[in-house]
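Hi everyone, thanks for coming.

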Amino acid sequence: MFILLLFSALGLYGQRLTRQQYIDKYKDIAIKQMHKHKIPASIILAQACLESNNGNSTLAVKANNHFGIKCHDGWKGKKIRQNDDKRRECFRKYDKAIDSFTDHSLFLTTRPRYNSLFDLPITDYKSWAHGLKAAGYATNRKYASLLIDIIEEFELYKYDTGEAYDKSKAGSKAAKRAAKLQAKRQKLEKKAAKAAKRAQKANFKYYEYTGETPQTTVKTLADAVQAPKGEVNILMYKVKQGDTLYSIARKHGITVDDIYRLNPGIKATDLKIGTELKLR
């Protein structure tokens, strides 16, 4: 039993997030909540960091509760019990972390005691921090200063202006463009490899027939990409002493008419040593 409990604890807390990792993981959710509910993203992130111990608290891990929101009257969702100001207090439990962020926004926007906060500029994170403490969000006397310290240390105020969000969005678009270009390049490389194999096959056949260095229209890999499939299989033959059109045709399993068709203008009487004939 002890071993089972030990492994359970290691599974629960073995991969603890740093504060920066937590911010990076949830910043986009916080920004979306800001645009929808007019709560500064810096405040959302700072509260989440503080209340969830950067996503490592028991409530965050077991209940996806990142803001320490208790059940309160009227809560009909899932619940979890945990000691807080009192023993075994009731806290809200969510299926996903994003549900906790959404519920936090609704918690602030639907309770009259927080109404005055929404008269503050969205970039005034200090007034928001002091306003949350004054409205009774937390009992810790240093709650406002703790939020402000997190915001300033990690420059979370940048997310309130959209500056960091815009940069992140631009970076995401650039990454997508790079991925598309990489996929296109890989596709071209596969096409080139196939063309090269066709050229290699044609070269082998040429050598098998003549014992000479192959003469194909494909000289480089770039040419192979552009060359039509049928063109890669061209077979050339260099006339030797004693060759006739008939002997060449018979040797390669074609007819004299085939040679005439593939080599317009060729004449049997003008056949010279070294003349190159297309046989396929």
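Let's start where two helices touch: Tyr-125, Lys-126, Ala-129, His-130, Leu-132 and Lys-133 in H6 meet Tyr-143, Ala-144, Leu-147, Ile-148, Ile-151 and Glu-152 in H7. Contact here means heavy atoms within 4.5 Å, and helices are DSSP runs (H or I, at least four residues) numbered from the N terminus. Of the residues in this contact, eight are nonpolar, one is polar and three are charged. Nonpolar covers Ala, Val, Leu, Ile, Met, Phe, Trp, Tyr, Cys and Pro; charged covers Asp, Glu, Lys and Arg; the others, Gly among them, are polar.

Before going on, please note that this is a predicted model, where local features need pLDDT of at least 70 and side-chain atom pairs count only at pLDDT 80 or more, while totals for chains, interfaces and linings use all residues. Residues are numbered from 1 along each chain as its sequence is written, and side-chain values use heavy atoms, with hydrogens and water left out.

How are H6 and H7 arranged? H6 (residues 125–134) and H7 (residues 143–153) pack at about 150°, with axes 8 Å apart. H6 and H7 are therefore roughly antiparallel, the word for angles over 145 degrees.

Now to H3, residues 41–52. Ten of its twelve residues are buried, that is, under 20% relative accessible area with a 1.4 Å probe, protein chains only. Among them are Ile-43, Ile-44, Leu-45 and Cys-49. The buried residues of H3 pack against H2, H4, H5, H6, H7 and H8. Just after H3, Asn-53 takes a positive phi of about 55°.

Terms used:
Axes are lines fitted to C-alpha atoms, for helices over the stretch in contact, and angles run from 0 to 180 degrees between N-to-C directions. Angles under 35 degrees count as roughly parallel, over 145 as roughly antiparallel, 65 to 115 as roughly perpendicular and the rest as oblique. The expected span of a helix is 1.5 Å times one less than its number of residues. Buried means under 20% relative accessible area, exposed over 50%, partly exposed in between (1.4 Å probe, protein chains only).
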